[in-house]
Amino acid sequence: MSTWARLPAVARYALLVAAILAIWQAYVTLGHVQPLLVASPLDVAGAAWADLKDGQLEKATYNTLINLILGMIVGTLIGFALASFAVFSRIGQDLLTVLTSIFNPLPSIAILPLAMIWFGLQPKSIVFVVALATIWPVALNTDNGFRTISQTTQLAARNLGLRGWRLVTGVLLPAALPSIITGVKAAWAFGWRTVVAAELIFGVAGSAGGLGWYINNARYYLNTSNIFAGLVVISVLGILVEGMFGFIERRTVVKWGMKRAA
Amino acid sequence: MVVAEDVAVDYLNPAHHGRTTAIEDASFDVRRGETFVIIGPSGCGKTTLLKTIAGFMRPTRGKLLVEGHPAREPGPDRAVVFQDFDQLFAWRTVRDNVVYALRVARNTPVRAAREKADAMLALVDITRAADKYPHELSGGMKQRAAIARALALEPTMLLMDEPFGALDMITRNQLQIELKNIHRRTGVTIVLVTHSIQEAIYLGDRVMVMSRHPARIREIVDTHDQSDVESPRFAELTGKLRELLVHRDQELDVPEEAVL
């Protein structure tokens, strides 16, 4: 085994990131690049630090996360409801099929102009499109999860006299958890892209601007470093959330042997 | 306990767009405290019969009474032990599987449920695995846990659907011995479905032999008190059941698993 492979994973990744940053910094410093086009890592760090200190970046991040979380809560609950309805009735199944066929291929960001007419230039519009982006992956995966629960598990539950709501919460939901987590992960991925895109479009008029607005605003004033700073925050948050999902999976479905460790 | 009169069960067969009769003209009774074994070639409908007693299905014709009442719904008074390991809830530890069953099926208070669960786990000798999750257990241990969960409910009868079918021979024999002991100690009525002749004679007080397509009762054989596998009587019964199962079956595609 090479020296590289023997290093712990964290160290390997950290070294790679450091190398990329070094090359980037060298390119900007030594290449005499126009700073309006590409900011160096040090400039980006400086800009991010300044905006974190005066709370601007922090506020933008907070606004984005609030819109995302609200949208995801609404979308996930509707998704669960649709999937539960689909499990218990034929018409529910058909409704889910029809709705997902219509809406799933539609990038929910395309609904934003309509949402702006309905709800105005308010965070409500963003929450609406995020919810729309998250309903379908949650509903489809949860439905699939319910449907693939082993026959024996269901019989064992019915043997205990479980039915209706208690059957759903006591057995169906935990038994379908691997698929539900997959659905929520997909919903997060869609929702995250949607919220940033929505803020980019929305941005100018937003009083409670998020990260998309922050980036667009920085472009307006040609603050290239701040554009990069916004991008870095988006990327870092993405990594953190992925890590959070990994943690949840290790504590639940992996621990229960329902999913193999990654 | 169970009285069946001319029971027939049909099921919808999507492949043939029609109804297939799984069981025809089944009349039998299960007596309190006995181990009643249903044996037959695989796919003959013996599991369907057990599911009907459990209340998962209803008889299409005839009458099936459990403790004097038609079994319309499944319930913890007829606790089922299945062959598949995923009858245990994967997200609960072995102890919590038993505790949860007692909580939802019998409304047992938490403390009492825990005490009862521990007693049951001790009965089936898996106390050391109480805090493990099902996927961490061997097949035999999982079946022990399932039996503990079923017995904890204090059912009027224990319905077992090839409970040892997925286990290796050694584990299987060991669990047969223990089930016999448990039966002796608890006196619970057991209805057991199997396709092993040896298991049927060893565990059963009476063995109901079924034919197939559709399943009809061929004979109910008295096999009580056969714990010596080497005895001449055991050999005689083995011959008799094999004769009933195999040689009188006109069909040529008798599965090998039915032959001991």
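Trainee: In chain A, what share of the contacts with a separation of 6 or more is accounted for by residues 24 or more positions apart?

Mentor: Please keep in mind that this is a predicted model. The count takes the contacts in chain A with a separation of 6 or more. Within that set, the share that comes from residues 24 or more positions apart is 69%.

Trainee: Which pattern does chain A follow along the sequence?

Mentor: Chain A contains twelve helices and zero strands. Its C-alpha atoms fill a box of roughly 75 × 60 × 30 Å along the principal axes. Read along the sequence, the pattern is α-α-α-α-α-α-α-α-α-α-α-α.

Trainee: How do helix H4 and helix H7 of chain A cross, left-handed or right-handed?

Mentor: Helix H4 of chain A covers residues 56–88 and helix H7 of chain A covers residues 123–147. Their axes are 6 Å apart and meet at an angle of about 35 degrees. The contact of H4(A) with H7(A) has 21 nonpolar, seven polar and one charged residue. As to its hand, the crossing of H4(A) and H7(A) is right-handed.

Trainee: How far apart are the centres of domain 1 and domain 2 of chain A?

Mentor: The domain assignment places domain 1 of chain A at 1–33 and domain 2 of chain A at 37–251. Six residues from domain 1 of chain A and five residues from domain 2 of chain A take part in their contact. On the side of domain 1 of chain A that touches domain 2 of chain A, four residues are nonpolar, two are polar and none is charged. Taken over C-alpha atoms, the centres are separated by 32 Å.

Trainee: Why does Asn216(A) count as partly exposed?

Mentor: Asn216(A) has its place in helix H11 of chain A, residues 211–220. A residue is buried if 20 or more other C-beta atoms lie within 10 Å of its own, and exposed if 12 or fewer do. Asn216(A) has 19 C-beta neighbours inside 10 Å, and therefore counts as partly exposed.

Trainee: Which helix gives the most to the side of chain A that touches chain B?

Mentor: Here 18 residues of chain A are in contact with 19 residues of chain B. The elements that give two or more residues to this side of chain A are helix H8 (151–159) and helix H9 (164–175) of chain A. By class, this side of chain A has eight nonpolar, seven polar and three charged residues. The element that gives the most, with six residues, is H8(A).

Trainee: Which helix gives the most to the side of domain 1 of chain B that touches domain 2 of chain B?

Mentor: In chain B, the assignment gives domain 1 as 2–77 + 155–258 and domain 2 as 86–153. Twelve residues of domain 1 of chain B are in contact with nine residues of domain 2 of chain B. The helix that gives the most to that side of domain 1, with four residues, is helix H5 (residues 169–186) of chain B.

Trainee: Why is helix H1 of chain B largely enclosed by the rest of the structure?

Mentor: Helix H1 of chain B spans residues 46–54. Among its buried residues are Lys46(B), Leu49(B) and Ile53(B). H1(B) is largely enclosed because the number of its nine residues that are buried is seven.

How values were computed. Residues are numbered from 1 along each chain as its sequence is written. Chains are lettered from A and ligands numbered from 1 in the order in which they are written. This is a predicted model: local features need pLDDT of at least 70, side-chain atom pairs count only at pLDDT 80 or more; totals for chains, interfaces and linings use all residues. Domain bounds come from an automatic or database domain assignment. Two residues are in contact if their C-beta atoms, placed from the backbone, lie within 7 Å. Ala, Val, Leu, Ile, Met, Phe, Trp, Tyr, Cys and Pro count as nonpolar, Asp, Glu, Lys and Arg as charged, and the others, Gly among them, as polar. Axes are lines fitted to C-alpha atoms, for helices over the stretch in contact, and angles run from 0 to 180 degrees between N-to-C directions. A crossing is left-handed if the near helix is turned anticlockwise from the far one by less than a right angle, and right-handed if clockwise.
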